[in-house]
Amino acid sequence: MRLIRSNSFKRSFKKLPKFIQKKADRILILLASDLQHPSIRAKKIQGASDTWEGRIDKFYRFTFQIEADEILLRSIGIHDITKKR
């Protein structure tokens, strides 16, 4: 699948610590090749019919939507970003 980064995702990504950016890059490569990879721990966000959450590590998450053969990356940051949708 092809990854598309929203402007919001790009801005948030730049603000992350460099070591988290590197972790995120590795996880996003996995996401593009296998949505069900166990390292991602992808799951639908409760109350949002089309938004998913993925895990970078214990504290950092990202949200995304699946549209045909593309994955729209919406946001990235500490765990609470999933509450913003």
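Biologist: In this predicted model, which residue of β4 is the bridge partner of Glu53?

Modeller: The strands β3 and β4 run antiparallel and are joined by 4 bridges. Within this pairing, the β4 partner of Glu53 is Thr63.

Biologist: Which residue stands opposite Glu53 of β3 where β2 and β3 pair?

Modeller: Strand β3 covers residues 52-55 and pairs with β2 in the antiparallel sense, over 2 bridges. The residue opposite Glu53 is Lys43.

Biologist: In what order do the strands of the open sheet lie, and which of them stand at the edges?

Modeller: The sheet is open, has 5 strands and shows mixed pairing. Its order is β1-β5-β4-β3-β2. One side of each edge strand is left without a neighbour in the sheet, because each has a single partner strand. The strands at the edges are β1 (2-5) and β2 (43-44).

Biologist: Which strands does helix α1 touch, and what angle does its direction make with that of β5?

Modeller: Helix α1, residues 7-15, packs on the sheet. Its contacts are with β1, β4 (60-67) and β5 (70-78). The angle between the directions of α1 and β5 is about 40 degrees.

Biologist: Across which strands does helix α2 lie, and at what angle does it run to β4?

Modeller: Helix α2 spans residues 18-33 and lies across β1, β3, β4 and β5. Relative to β4, α2 runs at about 30 degrees.

Biologist: How many residues of β4 are buried?

Modeller: A residue counts as buried when its relative accessible area is under 20%. Strand β4 is largely enclosed by the rest of the structure, because the buried residues number 6 of the 8.

Biologist: Which residue in the turn between β4 and β5 has a positive phi?

Modeller: Strands β4 and β5 pair in the antiparallel sense over 8 bridges, with Gln65 and Leu72 as one of the partner pairs. The two strands form a hairpin with 2 residues between them. The turn residue with a positive phi, about 55 degrees, is Ala68.

Biologist: Is Ala42 buried or partly exposed?

Modeller: Ala42 is found in the loop between α2 and β2. Leaving aside residues up to four places away in sequence, Ala42 touches Leu35, Trp52, Glu53, Gly54 and Phe64. Its relative accessibility is 27%, so Ala42 counts as partly exposed.

Biologist: How far apart in space are Ala42 and Ile4, C-alpha to C-alpha?

Modeller: In sequence, Ala42 and Ile4 are 38 residues apart. In space, their C-alpha to C-alpha separation is 17 Å.

Key: Residues are numbered from 1 along each chain as its sequence is written. This is a predicted model: local features need pLDDT of at least 70, side-chain atom pairs count only at pLDDT 80 or more; totals for chains, interfaces and linings use all residues. Side-chain values use heavy atoms; hydrogens and water are left out. Two strands pair if DSSP finds at least two bridges between them. Contact means heavy atoms within 4.5 Å. Axes are lines fitted to C-alpha atoms, for helices over the stretch in contact, and angles run from 0 to 180 degrees between N-to-C directions. Buried means under 20% relative accessible area, exposed over 50%, partly exposed in between (1.4 Å probe, protein chains only).
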